[in-house]
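Grab a pencil and let's work through a few exercises on a protein chain. Try each task yourself before you read the solution.

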Amino acid sequence: MTLQRLRLTGFRNLQDGTLEFPEEGVAVVGPNAQGKSNLLEAIYYLEIFRSFRGTREDRIVRFGAEHFRVEGRLVGDGEGGEGEAAGDAAPRTLTVAAAFVKAGRVKKVTLDGREPPRIADAIGRVGAVLFTPEDVRLVSDGPQERRRFLDILLSINVPGYLDALQRYRQALAQRNAALREGRGGASVGAWDPLLVEAGARVGWIRARWIRDGAPTFRSVYAQVSGEEEASLEYVPSVPVGGEATEDEVASTFHRILSEGADAERRRGTTLSGPHRDELRMVLHPGTGQERDLREYGSGGQRRTAALALRLLEAETISGRRRRAPLLLLDDIFAELDETRSERVMELMERTAVGQVILTAPKESELRFRSDRLPHWTVREGVVA
Ligand code: ATP
Ligand code: MG
């Protein structure tokens, strides 16, 4: 989909109004603290209905205002739609809107004016990938950060994932409450069928995605870094190979839960399952000199790995939905050395042939496609 129009009200420091986006995208230039990231945050809000920075909604509402609203009009390229009649010649359009009211903390999402049964049913309509300098945290922070990456990416791209994840979290919370309160084995075990079924689905989908994406990660990393290699590996809490079926994951999970029952009672929490998975990135794989990137990687190596994850995400979107992702690039080239940025740009040209919205504090730092994109400026929230 191409973002054609964005309508904003009360969103952070951005001026209320409507922006019309060119089909090829736009390069947005503005000094620090003017609203560049806020603009990308507003666009990506329509993808996941949350802040990519993890900000609570009441803090997104402009200081002194009572609510915010973001509305995006998307135009399809005739391919890869969900539920649309094949061969339909007219370009598909979709209006995605999200609003939040501080009083009562009410969030409402609509697709073409209609509220879906659950907000989760509306995510992933934009098909965007966002690159930011903070992505380096995907590599340097704890496993939770990487699980969050997987969960967002798979929720958006794999039907059934988010549903399984939500059921899993619910079962896990109930089961943990039973364990914490020292309730008997029966009230803990009552949650096991749901935990195992939903957890196996989550784990199986993660395992397959990582198995399929690992070669891309490796080649992207190698291309950006020059010659150095790094691999992407799934370290599931329920140890199964990438080829395991969902049933095999389920039976292994079930077995581990039974074996760990005593330890879980002592510790008062569920000790195995997808909430304990790790996504590991390893330098020099297969050489006998393997090093965990998180612990041993330099700043540049971590940044390269984070970029490789995002490029893999972009490829997942284009592969699964047969359309180029909307690329949102928040001031990412300033952080990379000359050669690495050149190589990243080459890869982006190949992976992402669609619309690009990029930001930088200076014209000279725009770099990517900057000669082919119209330039806008942003000053104190006014985009022009
Ligand atoms: P940088 O180049 O430093 O990354 P930026 O242009 O990306 O800058 P933004 O993150 O978009 O800057 O923030 C712009 C301004 O928005 C900041 O001054 C910030 O304080 C302000 N801001 C953040 N939240 C709100 C809010 N809820 N209401 C009003 N202003 C806000
Ligand atoms: Mg910013």
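The expected span of a helix is 1.5 Å times one less than its number of residues. Keep in mind that this model is predicted.

**Exercise 1.** Work out how the span of helix H12 compares with the expected one.

*Solution.* Step one: H12 covers residues 338-351, which gives it 14 residues. Step two: from first C-alpha to last, H12 reaches 20 Å, close to the expected 20 Å. Step three: check the start, where Asp337 caps the N-terminal end, with a side-chain oxygen 3.3 Å from the backbone nitrogen of Thr339.

**Exercise 2.** Find out which residues of H12 are buried and which are exposed on the other side.

*Solution.* First, pick out the buried ones: Arg340, Ser341, Val344, Met345, Leu347, Met348 and Thr351. They span an arc of only 165 degrees around the axis, so they sit on the same side of H12. Next, turn to the other side of H12, where Glu338 and Arg350 are exposed. Finally, ask what does the covering: the buried residues of H12 lie under elements including strand E7, helix H7, helix H11 and strand E11.

Terms used: Residues numbered from 1 in each chain as written. Chains lettered and ligands numbered in written order. Predicted model: local features only at pLDDT ≥ 70, side-chain atom pairs only at ≥ 80, totals over all residues. Heavy atoms only, no water. Helix = DSSP H or I, 4+ residues; strand = E, 2+ residues; numbered from the N terminus. Buried < 20%, exposed > 50% of the residue type's maximum accessible area, 1.4 Å probe, protein only. Arc of directions from axis to C-beta. Contact = heavy atoms within 4.5 Å. Polar contact = N/O pair within 3.5 Å; in protein donor to acceptor, adjacent residues only side chain to side chain.
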